[in-house]
Amino acid sequence: MDLDDVPHLDAARLGKGDALVVVDMQNDFMPGGALAVAGGDAFLDRVNALMSLFKEHDLPVVLTQDWHPRDHDSFASRHPGKRAFDPYEAPGIGPVLWPDHVVQGTRGAEFHPGLDARLADAVIRKGYHKKTDSYSGFLENDRATETGLDGYLRSRGAKRIFICGLAADYCVYYTAADGAAKGYEVVVLSDLTRPVGSPPDRMKTATDDMLRKGVRFLGSAGIRRRDAPA
Ligand code: VGL
Ligand code: ZN
């Protein structure tokens with residue numbers, strides 16, 4: 001199923017135990033970037049407003065930051081004869097290879113200047129082990145190595161996490177699926193994310209899997225303040 005066709009919640013009222021996770025809103029994933037996601041910069045203001053709203057409620061706001069060494073094994077440039085977006089499967093790498101992106105210390109790895117990163121309580125970096133990718137904000141692609149996000153959210157008392165950011169069919173998808181597997185109530189903000197779209201059916205498969213795993217979907221306009229009238 002496509003993200004637009006998925007059944008959505010009507011609304012969600014913010015309260016104790018809620019947290020916001022903003023995934024990989026970095027220059028390289030924005031239009032013009034090394035691994036550009038179409039429309040990736042179209043909802044920065046909404047994300048800023050949402051971060052402010054969570055802060056007002058004293059609820060945790062976490063950013064994830066994809067953060068690769070310059071010779072990361074997920075880069076097609078490391079594999080002779082391969083090109084970006086070519087299919088490739090190896091332990092911790094795949095299902096496709098990527099253009100070089102979010103290399104540590106480069107401008108492409110920085111958060112988009114339109115994202116107000118001052119509003120975040122914590123930044124969790126991921127993808128820094130050369131031989132293993134990390135799509136999920138929780139677990140690397142070996143499906144075992146923790147990033148620390150779960151520990152952070154748990155120690156802040158989070159029970160329900162709202163997820164937005166890039167990209168819908170990779171890092172948002174895996175973060176949502178892993179969050180659900182770890183026992184969080186997971187709500188993906190479907191208007192505040194966009195897919196890479198490679199391979200082409202990727203978003204459909206990802207959406208079906210999120211549904212199977214109990215992830216729920218909401219438009220960000222459905223988020224209600226704690227004290228809003230019913
Ligand atoms: C991502 C592909 C490679 C993402 C990161 O943020 O979704 N996708 N690295
Ligand atoms: Zn990456």
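Buried here means under 20% relative accessible area, exposed means over 50%, and partly exposed is anything in between (1.4 Å probe, protein chains only). The structure is a predicted model, in which local features need pLDDT of at least 70 and side-chain atom pairs count only at pLDDT 80 or more, while totals for chains, interfaces and linings use all residues. Residues are numbered from 1 along each chain as its sequence is written, chains are lettered from A and ligands numbered from 1 in the order in which they are written, and side-chain values use heavy atoms, with hydrogens and water left out.

Starting with the overall picture, the protein has four helices and eight strands (DSSP runs numbered from the N terminus: H or I of at least four residues for helices, E of at least two for strands). Read from the N terminus, the order is β-β-α-β-β-α-β-α-β-α-β-β. The radius of gyration is 17 Å, close to the 17 Å that the globule rule gives for 230 residues, so the protein is as compact as a globular protein of that length. That radius is taken over C-alpha atoms, and the rule is 2.2 Å times the number of residues to the power 0.38. Of the 230 residues, 55% are buried.

Now for the strands. Strand 3 (residues 61-66) and strand 4 run parallel and are joined by five bridges; DSSP has to find at least two bridges for strands to pair. Leu63 sits opposite Val123 of strand 4. In a regular strand, side chains alternate between the two faces of the sheet.

Next comes the metal. Asp66 (OD), His68 (NE2) and His101 (NE2) coordinate the zinc ion (ligand 2) at 2.0 to 2.2 Å. Donors are N, O and S atoms within 2.8 Å of the metal (3.2 Å for Na, K and Ca), and water is not among the atoms, so sites may look incomplete. The donor residues are spaced D-x1-H-x32-H in sequence. Asp66 counts as buried because its relative accessibility is 3%, and His68 does so at 0%.

Finally, the cysteines. A search of the whole structure turns up zero disulfides (pairs of cysteine sulfur atoms within 2.5 Å). Cys164 is in none, as the nearest cysteine sulfur, that of Cys171, is 13 Å away. Cys164 is buried at 0% relative accessibility, and Cys171 is buried with a relative accessible area of 6%.
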